[in-house]
Amino acid sequence: MIRSVLYLHPRAGNAIAVAELYRSSGVLEDAANLEGCLGAELQLPLDGNGPVMVTALWRDPRAYQQWIESPVRSVHREQLSELLQDDVSAELRGELYEIVHEAAAG
């Protein structure tokens with residue numbers, strides 16, 4: 001399994017607007033509906049400052065690549081362009097991490 005980690009830098013620090021767009025547009029739900037996506041999350045900084053972090057768990061890099069190439073994702077990227085400092089004309093792509101060790105409570 002792999003985890004993707006994407007940092008989004010909201011304009012004027014408006015992380016709430018980014019979160020609202022993700023909710024109303026179903027960005028994470030669209031990702032989760034792809035085969036190979038095991039779950040996705042959007043995290044806001046506790047102090048209200050800094051980037052928004054989006055993480056997802058994927059079966060393998062190929063599954064993440066399917067999300068990157070998804071036409072649905074392109075629509076979301078266009079919607080995000082108004083809310084981010086990031087240059088979204090370039091491909092927004094998270095860093096990928098291989099999960100090599102894990103533990104769970106209980």
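Predicted model: local features only at pLDDT ≥ 70, side-chain atom pairs only at ≥ 80, totals over all residues.
Local features are taken at pLDDT of at least 70 and side-chain atom pairs at pLDDT 80 or more, while totals for chains, interfaces and linings use all residues. Residues are numbered from 1 along each chain as its sequence is written, and side-chain values use heavy atoms, without hydrogens and water.

**Exercise 1.** Determine which residues of helix α3 are buried, and where they sit around the axis.

*Solution.* Step 1: α3 spans residues 61-69; helices are DSSP runs (H or I, at least four residues) and strands likewise (E, at least two), numbered from the N terminus. Step 2: apply the cut-offs, with buried under 20% relative accessible area, exposed over 50% and partly exposed in between (1.4 Å probe, protein chains only). Step 3: A63, Y64, W67 and I68 are buried. Step 4: these residues lie on the same side of α3 because they cover an arc of only 150° around the axis, taken from the directions from the helix axis to the C-beta atoms. Step 5: R62 and E69, on the other side of α3, are exposed. An α-helix has 3.6 residues a turn, so residues three or four places apart point the same way.

**Exercise 2.** Find the aromatic pair and classify its geometry.

*Solution.* Step 1: rings of Phe, Tyr and Trp (its six-membered ring) pair if their centres lie within 6.5 Å; planes under 30 degrees apart are stacked, over 60 edge-to-face, the rest tilted. Step 2: the structure holds one such pair. Step 3: it joins W58 and Y64, at 5.4 Å centre to centre with 70° between the planes, and is edge-to-face. Step 4: W58 is buried because its relative accessibility is 1%, and Y64 is buried with a relative accessible area of 3%.

**Exercise 3.** Locate E91 and list its contacts beyond the sequence neighbours.

*Solution.* Step 1: E91 lies in the loop between α4 (71-80) and β4 (95-98). Step 2: its relative accessibility is 47%, so E91 counts as partly exposed. Step 3: leaving aside neighbours within four places in sequence, E91 is in contact (heavy atoms within 4.5 Å) with I68 and R77.

**Exercise 4.** State the volume of the largest cavity and which element gives the most to its lining.

*Solution.* Step 1: a cavity is a set of points on a 1 Å grid over the protein atoms alone where a 1.4 Å probe fits but cannot get out; lining residues have an atom within 4 Å of a point. Step 2: the largest cavity has a volume of about 220 Å³, the space filled by probe spheres set on the points, which are joined across faces, edges and corners. Step 3: 19 residues line it, with L6, Y22, V54, W67 and R73 nearest its centre. Step 4: α4 gives the most, with four residues.

Technical notes
1 Å grid on protein atoms, 1.4 Å probe; cavity = no way out; pocket = protein on both sides within 12 Å on 5 of 7 lines; lining within 4 Å.
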